[in-house]
Amino acid sequence: MSAEPFTAFAFAVELRLPGSDRPLCEAAFCACDGLELRREIIRARDGADPTSVRLLPGAESFGNVILRRGMTSSFDLWDWWERVRAGLPYRATCDIVVLSPDLAQERVRFRLTRCIPTKLTGPTLNAQGNDVAIETLEIACEGVELVRPGTEKPYATPEPAVRA
């Protein structure tokens with residue numbers, strides 16, 4: 001039995017603040033990119049074999065996720081931006097949910113942890129245009145994990161005692 005491949009056109013974005021099951025905002029986006037995991041490689045020589053190099057995993061980093069052409073009827077994303085500015089508890093969890101082509105099944109969930117907004121771009125205001133309410137929302141995160149269907153983990157990401 002062959003499995004149906006994942007498609008890139010059916011997805012949802014869910015943003016939540018720690019300890020809340022309520023979405024941070026009610027918004028829909030047309031595009032999402034930048035889901036990227038990187039790992040530094042440490043090169044070490046083995047003393048017993050000076051001609052070969054061993055590769056060791058180093059620090060991980062994650063790309064900024066860019067959500068484009070969003071629609072919303074609330075000010076929640078702007079409020080999130082202001083919480084970050086004010087130094088209030090603000091780290092969100094962002095789930096990017098890949099859906100089946102008929103939107104009936106969740107295929108996989110990418111969970112971005114301890115997210116903060118790094119860029120929020122509004123539309124170009126033009127009376128003859130048809131631009132959307134949010135041109136770009138860029139989010140930085142401290143971690144990315146894959147959540148397979150049926151292995152749901154809670155949304156809450158504890159806020160550390162010291163804010164970075």
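The mean pLDDT of the chain (pLDDT being the predictor's confidence in each residue, from 0 to 100) is 80, and 84% of the residues reach 70 or more. This is a predicted model, in which local features need pLDDT of at least 70 and side-chain atom pairs count only at pLDDT 80 or more, while totals for chains, interfaces and linings use all residues. Residues are numbered from 1 along each chain as its sequence is written, and side-chain values use heavy atoms, with hydrogens and water left out.

**Stop 1: the whole chain**

Colour the chain by secondary structure. One helix and nine strands are present; helices (H or I, at least four residues) and strands (E, at least two) are DSSP runs, numbered from the N terminus. Read from the N terminus, the order of the elements is β-β-β-β-β-α-β-β-β-β.

Next, display the surface. Of the 164 residues, 32% count as buried, where buried means under 20% relative accessible area, exposed over 50%, and partly exposed in between (1.4 Å probe, protein chains only). Among contacts (heavy atoms within 4.5 Å) with a separation of 6 or more, 66% join residues 24 or more positions apart.

**Stop 2: confidence along the chain**

Among the elements, β3 has the highest mean value (92) and β1 the lowest (83). Then select residues 155-164, where the pLDDT is below 50; beyond near neighbours in sequence, this stretch has 26 contacts in the model. Where pLDDT is low, the predicted coordinates should not be read in detail.

**Stop 3: the β3-β4 hairpin**

Select residues 37-46 and 49-62, which are strands β3 and β4; the two pair in the antiparallel sense over nine bridges. Strands are taken to pair if DSSP finds at least two bridges between them. The two strands form a hairpin with two residues between them.

**Stop 4: the nonpolar core**

Show the side chains of Leu-15, Leu-77, Trp-80, Cys-94, Leu-112, Leu-137 and Ile-139, the residues with the most contacts inside the largest nonpolar core, which has 23 residues. Such a core is a set of buried Ala, Val, Leu, Ile, Met, Phe, Trp, Tyr and Cys residues joined through side-chain atoms within 4.5 Å. The elements giving two or more residues to this core are β1 (11-16), β5 (65-72), α1 (76-86), β6 (92-99), β7 (106-121) and β8 (134-140).

Centre the view on Leu-137. Not counting residues up to four places away in sequence, Leu-137 touches Leu-15, Phe-29, Val-65, Ile-66, Leu-67, Leu-77, Pro-117, Lys-119 and Leu-120.

**Stop 5: salt bridges**

The structure holds 12 salt bridges, each defined by a side-chain nitrogen of Lys or Arg within 4 Å of a carboxyl oxygen of Asp or Glu.

Select Glu-135 and Arg-69, whose closest N and O atoms are 3.6 Å apart in a salt bridge. This pair links distant parts of the chain, with Glu-135 in strand β8 and Arg-69 in strand β5, 66 residues apart. Glu-135 counts as partly exposed at 26% relative accessibility, and Arg-69 is partly exposed at 32%.

Move to Glu-142 and Arg-114, which meet in a salt bridge of 2.7 Å, N to O. Here too the pair links distant parts of the chain: Glu-142 lies in the loop between β8 and β9 (143-147), and Arg-114 in strand β7, 28 residues apart. Glu-142 is partly exposed at 43% relative accessibility, whereas Arg-114 is buried at 14%.

Now select Glu-14, Arg-16, Asp-95, Glu-106, Arg-109 and Arg-111, which are linked in a network of salt bridges. Within it, Glu-106 and Arg-109 form a salt bridge with the closest N and O atoms 2.7 Å apart. Glu-106 is partly exposed, with a relative accessible area of 29%, while Arg-109 counts as buried at 5%.

**Stop 6: backbone of two arginines**

Most residues other than glycine have a negative phi. Arg-69, in strand β5, has a positive phi of about 50 degrees although it is not a glycine. Arg-114, in strand β7, likewise has a positive phi, near 50 degrees.
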